[in-house]
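Please read them with the sequence and the coordinates open beside you.

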Amino acid sequence: MTTGSRIEWTEATWNPVTGCTKVSEGCRHCYAERMSRRLKAMGLEKYRDGFSVRVHRSVLAQPLRWRKPRRIFVNSMSDLFHDAVPASFIRDVFRVMNEAPQHTFQVLTKRPERAAALDAELCWTPNIWMGTSIESPRWLSRLRILRRISADTRFLSLEPLLEPLPDLSLDGIHWVIVGGESGPGARPMEPGWVREIRDQCLDDGVPFFFKQWGGVSKKRTGRVLDGRLWDEFPRTSAPESHSGSQRSALRPASRSPRAEIQGA
Ligand code: SF4
């Protein structure tokens, strides 16, 4: 079953892994954890172990059956690079992505160090976008690790943005998403923090996507910044027939050359 998504920057979700453990402040109100508990209570077999890390071989081939090109968020309910996910399974996930060039796969992790450690074993076809989440200056180290990963397209999800990021460098980064925390207990995000990042993206030619202001009711606060929506996406060499407003934007001049495709 899929899998359409209400997440503004993707079109579908694919969860060959479910469950996770918290690594930093950004995890405090983890949406995946809340959802896993709810789905377990509803009796869904895939979530019978709640938020414990589980791999699901039965859904591995799912994207191969979707003919229409989609932007697919990989593991919205987990973190593919969690230590409890066997390296052999991660390689299998990559094989599926390699065999589905019609899709764009958006892999997002708070554990880029494991992705970097496995980098040479993975085949980074251009349809795989690799991102990391950063919520505060303390975690800018994730960005430095992300730069070492061979993905053609590397992105940042600055959500939930909990502090300003005045020392953010976008060198080697091809897309930036910003969002405030939403739901019960949401921590506030200042407009000035968002504008600073937006302006840096404009200066550096990096596509900027403003996902939401967040708050207890994200519907009420919306996603307009300075009178407009910011729905930019990276320009890619993957098929661009996705629905929605895929706008091209200039790559940063400092972008590294296309990585060599490596054998899995
Ligand atoms: S890394 Fe992501 S999925 Fe895992 S606990 Fe943190 S927010 Fe949740």
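1. Overall content. The secondary structure of the chain comes to six helices and nine strands, where helices (H or I, at least four residues) and strands (E, at least two) are DSSP runs numbered from the N terminus. The model is a predicted one, in which local features need pLDDT of at least 70 and side-chain atom pairs count only at pLDDT 80 or more, while totals for chains, interfaces and linings use all residues. Residues are numbered from 1 along each chain as its sequence is written.

2. Burial and contacts. Of the 264 residues in the chain, 39% are buried; a residue is called buried if 20 or more other C-beta atoms lie within 10 Å of its own, exposed if 12 or fewer, and partly exposed in between, with C-beta atoms placed from the backbone. Among contacts between residues at least 6 apart in sequence, 70% join residues at least 24 apart, a contact being a pair of residues whose C-beta atoms, placed from the backbone, lie within 7 Å.

3. Seven strands form an open sheet in the order 1-4-5-6-7-8-9, with parallel pairing, and two strands are said to pair if DSSP finds at least two bridges between them. Its edges are strand 1 and strand 9 (208-212), each of which pairs on one side only. Neighbouring strands of this sheet are turned by 25° against each other on average, direction ignored; axes here are lines fitted to C-alpha atoms, for helices over the stretch in contact, and angles run from 0 to 180 degrees between N-to-C directions.

4. Strand 4. In a regular strand the side chains alternate between the two faces of the sheet. Strand 4 (residues 71-74) is covered on both faces, with Arg 71 and Phe 73 buried on one side and Ile 72 and Val 74 buried on the other. Strand 4 is joined to strand 1 (residues 12-14) in parallel by three bridges, and Trp 14 has Val 74 as its bridge partner in strand 4. With strand 5 (residues 104-109), strand 4 pairs in the parallel sense over four bridges; Phe 73 has Gln 106 as its bridge partner there, and Val 74 stands opposite Val 107.

5. Strand 5 and its crossovers. Which residues of strand 5 are buried on each face? Thr 104, Gln 106 and Leu 108 are buried on one side, and Phe 105, Val 107 and Thr 109 on the other. Strand 4, helix 2 (residues 87-98) and strand 5 make a right-handed β-α-β unit; a crossover is right-handed if, with the strands pointing away from the viewer, the path from the first strand over the helix to the second runs clockwise. Strand 5 is also joined to strand 6 in parallel by five bridges, with Phe 105 opposite Ile 128. The chain crosses from strand 5 through helix 3 (residues 112-118) to strand 6, and this β-α-β crossover is right-handed.

6. Strands 6 to 9. Strand 6 (residues 128-133) and strand 7 (residues 153-158) run parallel and are joined by five bridges, and the bridge partner of Trp 129 in strand 7 is Thr 153. Helix 5 (residues 191-204) lies across strand 7, strand 8 (175-179) and strand 9, running at about 165° to strand 8.

7. Backbone points to check. The peptide bond from Glu 159 to Pro 160 is cis, with omega near -5°, and Pro 160 lies in the loop between strand 7 and strand 8. Asn 75, in the loop between strand 4 and helix 2, has a positive phi of about 65° although it is not a glycine. Asn 75 counts as buried because 24 C-beta neighbours lie inside 10 Å. Asp 226, in the segment after helix 6 (218-221), has a positive phi near 50° and is likewise a residue other than glycine. Asp 226 counts as exposed because it has 10 C-beta neighbours inside 10 Å.

8. The residues around the ligand are Cys 20, Lys 22, Val 23, Cys 27, Cys 30, Ala 32, Glu 33, Ser 78, Asp 79 and Lys 110, a residue being near a molecule or strand if its C-beta atom, placed from the backbone, lies within 6 Å of it. By class, this shell has five nonpolar, one polar and four charged residues; Ala, Val, Leu, Ile, Met, Phe, Trp, Tyr, Cys and Pro count as nonpolar, Asp, Glu, Lys and Arg as charged, and the others, Gly among them, as polar.

Conventions
Contact = placed C-beta atoms within 7 Å.
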